[in-house]
Amino acid sequence: MKIVHAASELFPYVKTGGLADAVASLGVAQADRGHEVVVFVPGYRSVVDHPDAAEAETLLRPKIEMGDVYMSGEVRMFSPRDGVTVYMICRDEFFDRRNPYGTSERDYEDNHHRFIFFCKGVVETMRLLRMNVDVLHCHDWQTGLLPLLLRHAEQRHGDVLAMRTVFTIHNIAFQGVFPMRSFYRTNLPDELMGIDGVEFYGQMNMLKGGILFADRVTTVSPRYAQEIQTPEFGCGLEGVVATRADDIVGLLNGIDSSVWNPATDALLPATYRLDKLAGKWTCREELLRRHGFNPDYDGPIFGMVCRLTTQKGVDLVLANREFFKRENCRLIVLGKGDPALEKGLKELAAAMPKRVALSTKLDEGMSHLVTAGSDFFLMPSRFEPCGLSQMYSQTYGTVPIVTRVGGLADTVVDIDQDPKHGTGIQVPVTSDGLLSGMERALRLHRNVKKLVEVQLRGMRQDFSWTRTVEAYERLYEDGE
Ligand code: ADP
Ligand code: GLC
């Protein structure tokens with residue numbers, strides 16, 4: 001099949017979270033199955049400047065209709081590996097910026113224009129290049145208008161744009177909500193402005209467009225597919241999601257074992273594997289050293305790598321200040337995001353410099369080191385569509401402590417509930433819940449034999465894309 005993805009992030013070119021990893025590794029897994037994969041991304045500065053894009057070729061300079069004006073763009077292309085081609089939709093005014101969406105204080109004010117332009121650029125490119133696509137797979141709100149724009153363009157231009165569409169919700173909390181007056185930039189018919197279109201409480205909701213107009217809708221874990229049909233997790237869109245209940249399916253993300261594999265990981269000071277764990281200790285020493293701790297410390301280390309948002313339950317960690325004061329353990333956090341949470345963590349680290357350390361940067365290498373060098377990986381999310389970090393940590397023999405939501409519930413088995421198959425610790429979404437989980441972790445840490453059993457069981461889990469890629473193939477085939 002010729003599969004086209006459209007997404008606002010793609011590892012290793014632009015990444016703020018798991019979306020980048022998920023899209024990149026899905027594309028690679030599909031190419032490995034013999035499909036021809038194209039991924040459209042905005043031509044952000046970090047993509048254009050990436051060494052892989054150094055020899056990128058300009059394919060087109062389309063004029064994109066944006067309401068009553070035409071804006072010029074440039075479509076550039078490079079191929080990072082066999083079977084995968086990346087198409088960048090460039091316009092410096094929109095994408096030549098430091099970050100993809102905005103600063104930690106606020107989003108860019110023209111995000112609606114930026115992503116309408118991106119979506120239109122994707123449609124125009126497929127049309128002008130007569131790309132002969134089987135399926136267009138769109139990801140998250142930034143591409144929510146694509147199914148509508150595609151159908152509308154298909155009516156005007158015919159079969160060259162006839163293809164199935166799939167829309168994947170990676171996170172329903174981000175919906176791309178903008179004033180309705182920006183709708184005219186889409187040049188879509190007025191009826192799509194209404195309640196049966198993209199209108200939601202008087203505003204334009206791009207995610208809603210994707211949910212209503214794609215042939216099939218998926219989300220990134222089976223449990224999240226159910227959760228988003230409830231008021232607790234639907235972020236207001238539960239009713240909209242429920243109208244597609246028959247077409248929505250939760251397909252668990254996989255992980256790319258060429259990037260996340262302790263046996264081959266070039267970002268680590270030492271590699272390790274099931275039958276040769278010594279390298280994990282080297283990673284641990286390096287992790288401690290890099291954070292100013294004594295590398296000989298042999299007590300429990302809690303690691304955490306995440307966007308600092310309420311989604312990730314950072315406040316639940318902060319509420320457990322006393323635990324870190326009382327227990328001789330280490331907490332190492334790598335995260336960036338909400339300034340208030342960043343401040344809270346900074347204060348915690350300043351109050352307990354011998355126990356708690358924080359790095360507030362985006363650092364791919366450090367994310368691997370924290371994952372490898374810790375004993376426990378904290379992920380007390382309030383909601384988690386899939387979550388990749390808990391899969392990475394299991395693969396790296398680091399026991400995850402997770403809440404029982406979304407993809408976390410689907411990928412972590414609690415060691416007390418199922419001692420034979422347990423790979424982690426599940427906790428309720430409260431600060432006391434997290435506290436009891438961390439206390440269980442301390443007990444596990446004292447029982448070395450059991451700890452190693454749990455670690456090895458985690459390392460043996462199969463989180464590859466195999467199953468999901470086949471499920472997507474079936475979905476693409478009968479997406480009519
Ligand atoms: P989400 O997509 O909600 O952020 P996931 O668990 O799916 O959560 O994916 C998070 C990804 O982002 C992981 O690859 C994690 O290592 C990475 N990540 C988060 N924060 C940072 C950071 N500060 N530096 C490097 N990588 C980070
Ligand atoms: C989103 C979700 C996360 C998921 C990722 C990739 O960012 O928050 O749970 O793993 O997308 O699908």
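Me: Where is the place of I195, and between which strands?

Reply: In this predicted model, I195 sits in the loop that joins β10 (177-179) and β11 (199-200), where strands are DSSP runs of E with at least two residues and helices are runs of H or I with at least four. Residues are numbered from 1 along each chain as its sequence is written, while chains are lettered from A and ligands numbered from 1 in the order in which they are written. Local features need pLDDT of at least 70, side-chain atom pairs count only at pLDDT 80 or more, and totals for chains, interfaces and linings use all residues, with side-chain values taken from heavy atoms and with hydrogens and water left out.

Me: Why is I195 called exposed?

Reply: The relative accessibility of I195 is 63%, and the word exposed applies over 50%, with buried meaning under 20% and partly exposed in between (1.4 Å probe, protein chains only); I195 therefore counts as exposed. Its C-alpha atom is separated by 32 Å from that of N253, 58 residues apart along the chain.

Me: What makes A162 partly exposed?

Reply: A162, placed in the loop between α5 (146-157) and β9 (164-169), has a relative accessibility of 35% and so counts as partly exposed. The C-alpha atoms of A162 and P100 are separated by 30 Å, although the two residues are 62 residues apart along the chain.

Me: How do you know which residues surround ligand 1?

Reply: A residue belongs to the surroundings if one of its heavy atoms lies within 4 Å of the molecule, and 21 residues surround ligand 1, the closest being G18, R307, K312, K361 and L388. By class, this shell has seven nonpolar, seven polar and seven charged residues, and β15 gives the most to it, with three residues.

Me: What makes the approach of K361 to ligand 1 a polar contact?

Reply: A polar contact is a pair of N or O atoms within 3.5 Å, and a polar backbone atom of K361 is 2.8 Å from a nitrogen atom of ligand 1, so the pair qualifies. The backbone of D363 has an N or O atom 3.0 Å from a nitrogen atom of ligand 1, and that of S389 has one 3.2 Å from an oxygen atom of the ligand. Of the 560 Å² of accessible area that ligand 1 has on its own, the protein covers 93%, by the Shrake-Rupley method with a 1.4 Å probe.

Me: Why is the shell around ligand 2 said to lie between domains?

Reply: Domain 1 (2-254 + 465-478) and domain 2 (278-460) both give residues to the shell around ligand 2, so this shell lies between them. The shell holds 14 residues, with H170, N253, E384, C386 and G387 the closest, and its largest share, three residues, comes from α1. A polar backbone atom of G387 is 2.7 Å from an oxygen atom of ligand 2, and a polar side-chain atom of Q311 lies 3.1 Å from an oxygen atom of this ligand.

Technical notes: A polar contact is a pair of N or O atoms within 3.5 Å; within protein, one must be able to donate a hydrogen and the other to accept it, and residues adjacent in sequence count only if both atoms are side-chain atoms. Ala, Val, Leu, Ile, Met, Phe, Trp, Tyr, Cys and Pro count as nonpolar, Asp, Glu, Lys and Arg as charged, and the others, Gly among them, as polar. Domain bounds come from an automatic or database domain assignment.
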